[in-house]
Amino acid sequence: MSPTLLRNVRPWGGDARDVLIDADAIREIGAPGTISAEGAVAVDGDGGILLPSFSDVHVHLDSTRMGLPFRPNTAGDTRWSHIMNDRENWRSAERSVADRATYTLGRMIAQGATRVRSHAQVDADSGLEKFEGVLAARDAHRDRASVEIVAFPQVGIHLEDGVPDLLDLALRSGADLIGGIDPCEIDRDPIRHLDTVFDLADRHGVGVDIHLHEGGSLGLFSLDLILERTRALGMAGRVSVSHAFSLADRSPGVDRALEQVAELDVALTTIAPKGSLTVPLDLPIERLLETGVRVGLGMDGQRDYWSPWGDGDMLERTWMLAFTQGFSRDDLIEDCLAVATWGGASVIDATLPRLAPGVRPGVAVGDPAELVVVRGDTPTAAVMDRSSERLVLHRGRIVAENDDLR
Ligand SMILES: [Zn+2]
């Protein structure tokens, strides 16, 4: 493959530069006109802002209804009613899981995400059907994005027969991580739930990513059990906790939990939820960055049987993160952009350097060839304006331009 010479782009909104990229990494950065384009495909960046590509590290490609006629939300108020609403309706979708997941992943890539971690529900009702749909989407876009798949027991592990075996089969069939969910509230047997999750991880040599919506002391208790198993199995750097609403509390127990999260290098993912004073849901992003905790952003479901939110655009979700965090300062809003891009990349690959407040990685010589060019006077302006004019590069090749896949 010929290298790509991106002309006239501004890394993180700085001075204009030309950037030479091959399939593996950024190879050279120089003042405009100073890098030879010989043998390279030259592309005019037109003064756009060069960023690491977006990383959606918490999405449910199997449940999406993007691209289908809109259906009013019929879920109830509880998490269980959402789970059952999905179960009652997903088979009546107008297109197959594979078609819906492929379309949605394409929309995500077109808008700048080239690193994705998707959950795929595995349960007694759907077996591996949803998982196989996500596998098909990953395969359809294998030249445009890197996709990790989590075998996700959305309906619990021990409420219905055969789920551990299905999870085992998913892990033998291409799943990259094993998931889990609210071990106290769903299975109502946290030890058994987490022992099954970590046993599967240990046997298959895969990472763990657990949905933890449980709040307050119940959530901290479940988190403690996760940390205990992470330590016992030597899985530091290979465990993620999604949502982690209990860490949004300002209670004293949170300090101790965060210390251990940092020590065991457990990654966190957030979907930028809006909490309230009495029920906080928003992770303390700045504090996580100061502590060196890996944190990434995701879109969760997209126009599905859970909620109408989500449209594949991680720049919009970055706007939501900055909004729900209550940020107005440019440096803080840029931190959100760093979380949505490099933060997620470090959730997927723990060997990458981690973020810190004000650190703007991902666009220097040697950094991965996963990049996006967005429009805006500054990075903060790009978040506020969210222009659809974008260039998206995966493995050094342009895979989408101005909302269209290549
Ligand atoms: Zn989720």
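**Figure 1. Lining of the largest pocket, which divides into 12 nonpolar, 12 polar and 10 charged residues.** The view is taken from a predicted model. The pocket holds about 730 Å³ of space. Of its 34 lining residues, H243, I271, D300, W306 and S307 are the closest to the centre. Helices α1 and α9 each supply at least two residues of this lining.

**Figure 2. The second largest pocket, with about 230 Å³ of space.** Its lining is made up of 15 residues, and those closest to the centre are P308, W309, G310, D311 and E316. Helix α9 gives the most to this lining, with 4 residues. By residue class, the lining divides into 7 nonpolar, 2 polar and 6 charged.

**Figure 3. The zinc ion and its protein donors, H58, H60, H211 and D300.** Each histidine donates through NE2, and D300 through OD. The donor atoms lie 2.1 to 2.6 Å from the zinc ion. The 4 donor atoms subtend angles of 86 to 177° around the zinc ion, so the arrangement is irregular. For an arrangement to count as tetrahedral, all angles would have to lie between 85 and 135 degrees. D300 is also among the residues closest to the centre of the largest pocket.

**Figure 4. Spacing of the zinc donors along the chain, H-x1-H-x150-H-x88-D.** The pair H60 and D300 links distant parts of the chain, 240 residues apart. H60 sits in the loop between β5 (54-59) and α1 (79-89). D300 sits in the loop between β12 (295-297) and α9 (314-324). Both H60 and D300 are buried. The helices that follow these two loops, α1 and α9, each supply at least two residues to the lining of the largest pocket.

**Figure 5. An open sheet of 8 strands with mixed pairing.** The strand order is β3-β2-β1-β4-β13-β14-β15-β16. At the edges stand β3 (26-30) and β16 (404-405). Each edge strand has a single partner strand, so one side of each is left without a neighbour in the sheet.

Figure 6. V19 stands opposite I29 in β3.

Definitions and conventions
Residues numbered from 1 in each chain as written. Predicted model: local features only at pLDDT ≥ 70, side-chain atom pairs only at ≥ 80, totals over all residues. Heavy atoms only, no water. Pairing = 2+ DSSP bridges. Donors = N, O, S within 2.8 Å, 3.2 Å for Na, K, Ca; no water. Tetrahedral: all angles 85-135°; square planar, octahedral: opposite > 155°, others 65-115°. Buried < 20%, exposed > 50% of the residue type's maximum accessible area, 1.4 Å probe, protein only. 1 Å grid on protein atoms, 1.4 Å probe; cavity = no way out; pocket = protein on both sides within 12 Å on 5 of 7 lines; lining within 4 Å. Points joined across faces, edges and corners; volume = space filled by probe spheres on them. Nonpolar A, V, L, I, M, F, W, Y, C, P; charged D, E, K, R; others polar.
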